[in-house]
Amino acid sequence: MSTNHRSEGSALREELEKVWANLPGWGALAAVNHTSVGLRFIITGGVFFLIGGILAMLMRTQLALPEQNIVHAELYNQLFTMHGTIMMFLFAIPILEGLAVYLIPKMIGARDLVFPRIGAFGYYCYLFGGIIILFSLFMGVAPNSGWFMYTPLSSSTYAPGPGSDVWLLGVTFVEISALSAGIELVASILRSRTNGMTLGTMPIFCWYILGMGLMIVFGFPPLILASILLELERSVGMPFFSVEGGGDPLLWQHLFWLFGHPDVYIIFLPAAGVVSTILPVFAQRPLVGYRWVVLSIIVMGFISFGLWVHHMFTVGIPQLAQAFFSAASMLVAVPTAIQIFAWLATLWTGKVILALPMLWILGFLFIFVAGGLTGVMLALVPFNWQVHDTHFVVAHMHYVMVGGMLFPVLAGLYYWLPQVTGRMPSKLLGYWGFWLTFIGFNMTFFLMHVTGLLGMPRRVYTYEADLGWSGFNLLSSVGGFVMAAGVAVVVIDLALHYRYGRKAGRNPWNADTLEWAVEKPQSTFNFASLPTVRSRHPLWDDPTLPETMNAGRHGLAHAPHGRREIFGCDPISGRTQEIIHVSTNSWWPLLAAAALAVVCVSLLLRSYLVASVGALVAVAFMLRWSWENGLHSKAAPMNGVEPEGVPLHSRTQDGPGLWGMGLALLADAALYMSLLFGWFYLWTVAADWQAPEQMPLALPSLLASGVALGIAAGFYHKLVAQLRRGRGDSLERRLWWISAIGLIHVALMGWTLRASTLAPTELAHDAVLLVMLIYILVHSALSTAVTMLQALRVRKGYVTKDLPYEPMVLRPLWVYSAAIFWLSILAFILMPLGWGTV
């Protein structure tokens with residue numbers, strides 16, 4: 001690059017740095033850019049992984065020899081519960097989401113994700129939720145009912161302490177984080193790719209993350225609902241899972257595994273995305289069968305939601321259901337095999353370079369294929385009956401989860417480490433770390449297949465010496481320590497390389513994707529200018545692209561207006577259709593997450609007044625957070641500095657906020673459908689399901705409230721339709737009228753609840769009805785509150801009839817609120833009345 005180009009690039013970096021830089025000192029806690037948030041997810045997830053590993057080694061030490069008393073039974077129950085909880089909820093999903101948050105904008109040629117404050121909020125929810133869960137272990141009140149919290153073992157009868165409450169509230173807190181990241185990643189991939197990057201040319205890793213994000217949106221709400229219901233049962237006495245009150249403990253298993261089995265593929269997909277990204281680089285050729293791999297991702301996502309009963313073959317479900325879910329469990333091997341054969345074909349037709357990241361990929365292929373084969377074995381119902389609840393299942397799970405996730409993550413860590421730090425890892429330490437981990441892992445878990453086939457049950461803290469398990473357990477424990485040594489070598493390598501590692505070039509692996517165009521030292525804005533991309537392999541096709549990008553030869557090369565800007569694209573073609581101005585540093589995500597943490601801790605302490613105040617404070621923080629949007633002085637005020645050619649997204653009628661609202665409502669609908677599933681399941685299956693002889697709700701006031709809600713939603717819909725046509729006279733006054741009608745609905749709903757004869761602590765029927773009514777009330781009250789906020793923003797000049805973007809974003813919320821009300825009336829009220837059960 002010439003001297004002039006270098007000086008131009010330096011001046012441009014300084015200009016962009018003023019706009020995109022994090023605040024100094026403690027102000028870094030207000031950072032919202034994806035690089036900072038992604039690295040925080042990854043580092044925090046790594047710390048939790050080490051803690052979970054220590055717990056695993058304590059268990060392996062206890063099981064190394066028969067009849068040991070290194071840890072007693074109660075502590076062992078806490079250890080395996082916490083180990084599974086940490087690895088599944090605090091390590092696997094967060095670190096993969098962190099990797100995606102860090103990489104996706106760089107891969108799609110963007111400077112940030114579309115909702116930066118959502119990402120920061122998600123991280124703090126994850127951090128605080130993880131601390132709450134982990135702190136319980138040191139306080140001696142850790143959960144002890146298993147990381148799956150099966151009822152009735154986790155009920156207040158059999159787990160009377162606060163341990164189960166810690167799990168339920170802490171995991172729900174962490175799930176909010178996962179949902180936030182899922183929504184943000186999907187919206188960003190679809191709406192913020194650089195100009196020209198179509199769905200068919202975006203990096204394959206983005207397809208995997210798109211699949212993961214959509215699966216999170218649909219897969220996590222069932223567990224959130226289940227956790228809420230179980231916490232209500234434990235703290236208030238609502239009998240959702242209690243047979244005596246008309247509930248059913250198997251409802252928990254259904255809701256948990258509606259989350260749990262898709263979660264396996266939620267974890268696998270981004271890890272497989274790492275494989276599909278790295279493997280072609282070291283094979284020195286494009287991925288074979290790109291379109292087939294994309295198709296397999298989509299098919300795998302769909303099939304994974306039809307497998308949850310795979311985990312329940314021994315609970316007494318009908319044989320027809322067993323046959324269906326057995327076939328579905330084997331069917332999912334087809335899209336998995338497509339990806340494996342695409343990887344093998346890429347290796348076969350390429351010239352493989354056996355670099356350190358590639359070694360971890362090969363280890364993954366060996367272990368994951370073995371785990372997949374045992375998965376097909378477990379899909380066979382007779383075999384499943386024989387090995388259910390034995391160490392065979394534990395071994396299978398670790399082969400799939402560790403082989404299918406940890407090895408690709410470590411491959412990705414070594415692969416992208418030079419991109420983050422500018423230094424190369426040690427080959428010697430890297431090879432030692434791999435072989436110790438690989439040998440130790442197989443030594444530990446292969447032998448657990450054998451002990452499982454010999455009948456050793458899982459979740460037992462000791463065993464007798466004459467059962468034939470002693471030698472295998474000793475070797476498994478030795479293997480565990482070998483694997484721990486391998487992980488320790490990897491950690492040492494990572495720590496030393498920051499200081500002693502050889503300096504890396506910009507693209508040391510000769511990779512093909514845009515993240516390697518980022519200039520070093522790495523900035524918070526990624527690229528000085530955003531290119532037009534027409535290829536899946538932009539750096540292979542144009543090796544000079546990094547230089548021209550960082551010299552400012554492409555789009556959005558300056559920021560004299562002080563806004564943080566990225567391209568907004570058509571979801572299919574990738575054509576730039578707007579400029580998205582994203583949020584700058586903000587304290588609101590941290591404050592909102594901290595308020596929710598206060599709510600969680602207060603609920604654990606049964607201090608409901610403090611919890612209520614904390615919830616109100618959290619809502620206030622979030623509403624204040626939403627105030628800084630659109631034409632606000634901290635967002636994109638009308639200061640005369642507008643982009644040429646394409647508008648800012650807040651000046652359009654189809655910005656990313658509309659997509660974020662749609663995705664959030666899809667997750668919301670998944671939670672509602674889970675509640676509906678629970679209602680019909682208990683109605684048709686629960687042995688002691690009871691309905692009151694008379695309707696416990698006042699139907700006239702309930703229906704009147706629904707009419708008011710429908711009128712408010714109809715008026716809002718009509719208002720938005722007129723705004724789309726450029727008509728919006730008396731906008732503020734009409735928003736206040738809609739809010740007033742919404743308040744009438746809320747008041748009528750509140751009166752209906754107060755006048756009801758519901759007995760939610762005696763009948764599961766009434767408990768579900770109460771949850772349904774509260775769900776409706778929360779949504780309609782939220783719709784009303786944000787409409788009032790819109791009226792205030794019209795008064796301040798932040799929303800006008802010529803700039804109606806924000807009212808359009810809120811329209812789906814009103815429609816959804818009205819739709820769930822009348823669907824609930826049909827499913828929860830009219831159908832039982834027509835059936836004659838009320």
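Helices, as numbered here from the N terminus, are DSSP runs of H or I with at least four residues, and strands are DSSP runs of E with at least two. The structure is a predicted model, in which local features need pLDDT of at least 70 and side-chain atom pairs count only at pLDDT 80 or more, while totals for chains, interfaces and linings use all residues. Residues are numbered from 1 along each chain as its sequence is written, and side-chain values use heavy atoms, with hydrogens and water left out.

D389 is found in the loop between helix 13 and helix 14. The phi angle of D389 is near 65°, a positive value in a residue other than glycine. D389 counts as partly exposed at 29% relative accessibility, where buried means under 20% relative accessible area, exposed means over 50%, and partly exposed lies in between (1.4 Å probe, protein chains only). A positive phi also occurs at M149, where the angle is near 55° and the residue is again not glycine. M149 lies in the loop between helix 4 and helix 5 and is buried, with a relative accessible area of 0%. The loop between helix 4 (116-138) and helix 5 also holds P152. T151 and P152 are joined by a cis peptide bond, with omega at about 5°. Most residues other than glycine have a negative phi, and most peptide bonds are trans.

Salt bridges were examined next. A salt bridge is a side-chain nitrogen of Lys or Arg within 4 Å of a carboxyl oxygen of Asp or Glu, and the structure holds 15 of them. Side chains of opposite charge can pair when their charged atoms come close. One of these salt bridges is formed by the side chains of R606 and D165, at 3.5 Å from N to O. Because R606 lies in the loop between helix 19 (588-604) and helix 20 (608-627) and D165 lies in helix 5 (residues 163-191), the pair ties together parts that are 441 residues apart in sequence. R606 is partly exposed at 32% relative accessibility, whereas D165 is buried, with a relative accessible area of 4%.

The side chains of R459 and D389 form another salt bridge, at 2.8 Å from N to O. This pair links distant parts of the chain, 70 residues apart, with R459 in the loop between helix 15 (427-453) and helix 16 (470-500) and D389 in the loop between helix 13 (381-387) and helix 14 (391-421). R459 is partly exposed, with a relative accessible area of 30%.

R651 and E642 also meet through their side chains in a salt bridge, at 2.8 Å from N to O. R651 counts as buried at 14% relative accessibility, and E642 is partly exposed, with a relative accessible area of 34%. Salt bridges that share partners join D165, E231, R234 and R606 into one network. Leaving aside residues up to four places away in sequence, E231 touches D165, L168, L169, V236 and R606, where contact means heavy atoms within 4.5 Å.

Helix packing was described for two pairs. Helix 8 (residues 250-283) and helix 14 pack at an angle of about 45°, with their axes 9 Å apart. Axes are lines fitted to C-alpha atoms, for helices over the stretch in contact, and angles run from 0 to 180 degrees between N-to-C directions. The angle makes helix 8 oblique to helix 14; angles under 35 degrees count as roughly parallel, over 145 as roughly antiparallel, 65 to 115 as roughly perpendicular and the rest as oblique. The contact includes V264, I267 and F268 of helix 8, and V400, M401 and G404 of helix 14. By class, this contact has 16 nonpolar, three polar and no charged residues. Ala, Val, Leu, Ile, Met, Phe, Trp, Tyr, Cys and Pro count as nonpolar, Asp, Glu, Lys and Arg as charged, and the others, Gly among them, as polar.

Helix 22 (residues 699-724) and helix 25 (residues 805-835) pack at an angle of about 155°, with their axes 9 Å apart. P700, in helix 22, is exposed, with a relative accessible area of 64%.
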